[in-house]
Amino acid sequence: IHLNLMRLGRVAGAVWEDHIPPREPESENKLDGETASDSESKSEFGGAPPAPTSDDTPEVLNRALSNLSSRWKNWWVRGILTLAMIAFFFIIIYLGPMVLMMIVMCVQIKCFHEIITIGYNVYRSYELPWFRTLSWYFLLCVNYFFYGETVTDYFFTLVQREEPLRILSKYHRFISFALYLTGFCMFVLSLVKKHYRLQFYMFGWTHVTLLIVVTQSHLIIHNLFEGMIWFIVPISCVICNDIMAYMFGFFFGRTPLIKLSPKKTWEGFIGGFFATVLFGLLLSYLMSGYRCFTCPVEFNNDSNSFTVDCEPSELFQLQEYNIPLVIQSVIHWKTVRMYPFQIHSIALSTFASLIGPFGGFFASGFKRAFKIKDFANTIPGHGGIMDRFDCQYLMATFVNVYIASFIRGPNPSKLIQQLLALRPDQQVHIFNTLKAHLVDKGMLASSEDA
């Protein structure tokens, strides 16, 4: 009897299992790339992440391209909008450095807004106080600090001439720190019971956004003051690489490059590299012959305006270079005349092609983490402003480091500005020290010889 009962139990169990669908593994029920900690965070953040954004293609383009497949429609939409953005880029360059700085500021604010909005869409269900207010307040504080440093550095004579500006310049860092402390205290006072961890997530979100967007956009302005060519060539190389990688990938792409961006291909990556290096050489050659592009941007105190007039440095004077023997046998040239800056442009375009795209991959990973297609739908076919500037910010940091490491030397005008800010007795001491040094070097006659 006991054996028969055991057999009946096994048969009943088999029948029961046949009527129950198999249970899927827990890992397969989660979204792609989601971990247990992600699921916990999702419940704390108040539900599902933001829904994917979609591009708002203008109705005119929709009607004109209605007969095309989605692939070719996207091609034409991206192409037309790209040409429009390039035309706008040329216009703002023509308008001068001040307009360029204002555009950089506007782009920075828009990028900050797009990233903060993603965080707010997750956060707002709790209606916790002051998150958006504090985010914009910290943006104001950081911009006050950076732009105050720039004004003091590049507009020294103007600052010393105006009493209010002189006081603000003297205590600039203390004022900046006091402003930040005010925001810090406001954040601590805004903490709400049971949601502490969420609020600290958002505090970190804001500060990382400030580090990525504001700090790096400010480096673009520093590059601009070194000369328009240091602003235009790097940005143009990133734009060229983006366009050429898309074109090579569109027509020849077969091999996937990275999982974060499934549409990126090795064919596009390699083709974009060679096209960008060639483009950088040609653009650098064209721009190196014009002082308006090569001279540092300086503020003229007499006319209260920016000037870009100077004697071109050695970087922008044609020189003759010997061609390696291996290449001589192919092109039958022994020497070539080119600007030294063109050699530097190879480094810039190489970075824009090989390392710059990782800024885009980083942005792709960020968007995948929050299950969104684009940061916003500001530009049809391209997404948000941050979608277009994810590589530009990384490029700006590299250019700034490159200039500081290999290009920039002591600036006599800035040294004189600092000397003029010293007390008279300090100026006399420096004068006597410099005079004694020049006499020892034999570059100046001593008072006894005279």
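Phe252 is found in helix 12. In this predicted model, Phe252 contributes to a nonpolar surface patch of about 640 Å², together with Leu68, Trp72, Trp76, Ile80, Met247 and Phe251. Two elements, helix 5 (70-95) and helix 12 (228-252), each give two or more residues to this patch.

The protein chain as a whole contains 20 helices and six strands. Of its 450 residues, 36% are buried. The accessible surface of the chain amounts to about 27,300 Å², and carbon and sulfur atoms account for 66% of that area. When contacts between residues at least 6 apart in sequence are considered, 70% of them join residues at least 24 apart.

Helix 10 spans residues 172-189 and has 18 residues. The distance from its first C-alpha to its last is 26 Å, close to the 26 Å expected at 1.5 Å a residue. Within helix 10, the residues His172, Ser176, Gly183 and Phe187 are buried. Viewed down the helix axis, the buried residues of helix 10 fall within an arc of 50 degrees, so they line one face of the helix. These buried residues pack against three other elements, namely helix 7 (131-154), helix 9 (163-170) and helix 11 (196-225). On the face of helix 10 turned away from the buried side, Phe174 and Leu189 are exposed.

Gln108 is placed in helix 6, which covers residues 97-123. The relative accessible area of Gln108 is 0%, and because buried means under 20%, this residue counts as buried. Apart from neighbours within four places in sequence, the residues in contact with Gln108 are Leu139, Asn143, Tyr147, Val213, Val214, Ser217 and Tyr393.

The count of salt bridges comes to nine. One of the pairs is formed by Glu163 and Arg166, with the closest N and O atoms 1.9 Å apart. Both residues of this pair lie in helix 9, three residues apart, or about one turn of the helix. Glu163 is partly exposed, its relative accessible area being 42%. Arg166 is likewise partly exposed, at 29% relative accessibility.

A salt bridge also joins the side chains of Asp387 and Lys367, with an N to O distance of 2.7 Å. Asp387 belongs to helix 18 (residues 385-407) and Lys367 to helix 17 (residues 357-369), so this pair ties together parts that are 20 residues apart in sequence. Asp387 has a relative accessibility of 5% and therefore counts as buried. Lys367, at 11% relative accessibility, also counts as buried.

Arg423 and Asp425 form a further salt bridge, in which the closest N and O atoms are 3.3 Å apart. Arg423 is partly exposed, at 48% relative accessibility, and Asp425 is partly exposed with a relative accessible area of 47%.

Note on methods. Residues are numbered from 1 along each chain as its sequence is written. This is a predicted model: local features need pLDDT of at least 70, side-chain atom pairs count only at pLDDT 80 or more; totals for chains, interfaces and linings use all residues. Side-chain values use heavy atoms; hydrogens and water are left out. Helices (H or I, at least four residues) and strands (E, at least two) are DSSP runs, numbered from the N terminus. The expected span of a helix is 1.5 Å times one less than its number of residues. Buried means under 20% relative accessible area, exposed over 50%, partly exposed in between (1.4 Å probe, protein chains only). The arc is that of the directions from the helix axis to the C-beta atoms. Contact means heavy atoms within 4.5 Å. Patches are made of residues with over 30% relative accessible area and no salt bridge: like charges are joined within 9 Å, nonpolar side chains (Val, Leu, Ile, Met, Phe, Trp, Tyr) within 5 Å. Accessible areas come from the Shrake-Rupley method with a 1.4 Å probe; for residues, only the protein chains shown count as cover. A salt bridge is a side-chain nitrogen of Lys or Arg within 4 Å of a carboxyl oxygen of Asp or Glu.
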